[in-house]
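The sequence and structure come next.

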Amino acid sequence: MSIPVGGCHIVLMGVSGCGKTSVGQLLAPLLQLPYRDGDDLHPQTNIEKMAAGIPLTDEDRWPWLRDIGTWLASQPNGAIVGCSALRRPYRDLIRSLCPGVAFIHLHGDFDLLLERINSRKDHFMPASLLQSQFDTLEPLGSDEYGVVFGVEDPPEILAQRISEWLTG
């Protein structure tokens, strides 16, 4: 699969702790694309809710997901964004705003991701919400443009493998 003419729009998706930010920051220079952390697009009310250990509802997520899709679509040469994109309808909304977007699902074992979350400093997402994210997660459908990568390897290796998948 090769990067389309005019650039590639990529969502690094998955539950908290899967490495969206780490992989995105490493993948961006490999593909010569800008990277944006979707967490930076959350409204303050969403951040406060999650920090208090309250899972977001669909109503909380829709404006944020629209902002993700709008930002991606505003990058004519392509871009990468880290966004949980846990459910098919969320991905459909992003896809409606930025057709052709590729979803790279970074998937890992619950215990591994819990360990990663517990070792993070200065992040609003508490470990107590990880199970709710796993419960919400809907795998990519066979008709969705994307692929799943396991996160057992270091982010540098994952970024390289994703780059190869996109440019191969």
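A disulfide is counted here when a pair of cysteine sulfur atoms lies within 2.5 Å. By this rule the predicted model has zero disulfides. The points below take up the cysteines and then the setting of Glu-144.

**Cysteines**

- The cysteine sulfur closest to that of Cys-8 belongs to Cys-98, at 9.1 Å, which is too far for a bond.
- The cut-off for a disulfide is 2.5 Å, so the 9.1 Å between the sulfurs of Cys-8 and Cys-98 rules out a bond for this pair.
- Cys-8 has a relative accessible area of 2% and is therefore buried.
- Cys-83 is also classed as buried, because its relative accessibility is 1%.
- For both assignments, the limit is a relative accessible area under 20%.

**Glu-144: contacts**

- Apart from neighbours within four places in sequence, the residues in contact with Glu-144 are Arg-88, Arg-91, Arg-95 and Pro-139.
- The side chain of Arg-91 forms a polar contact of 2.8 Å with the side chain of Glu-144.
- Arg-95 also makes a side-chain to side-chain polar contact with Glu-144, at 3.0 Å.
- Along the chain, Glu-144 and Arg-95 are 49 residues apart, and their C-alpha atoms are separated by 9.7 Å.

Definitions and conventions:
Residues numbered from 1 in each chain as written. Predicted model: local features only at pLDDT ≥ 70, side-chain atom pairs only at ≥ 80, totals over all residues. Heavy atoms only, no water. Contact = heavy atoms within 4.5 Å. Polar contact = N/O pair within 3.5 Å; in protein donor to acceptor, adjacent residues only side chain to side chain. Buried < 20%, exposed > 50% of the residue type's maximum accessible area, 1.4 Å probe, protein only.
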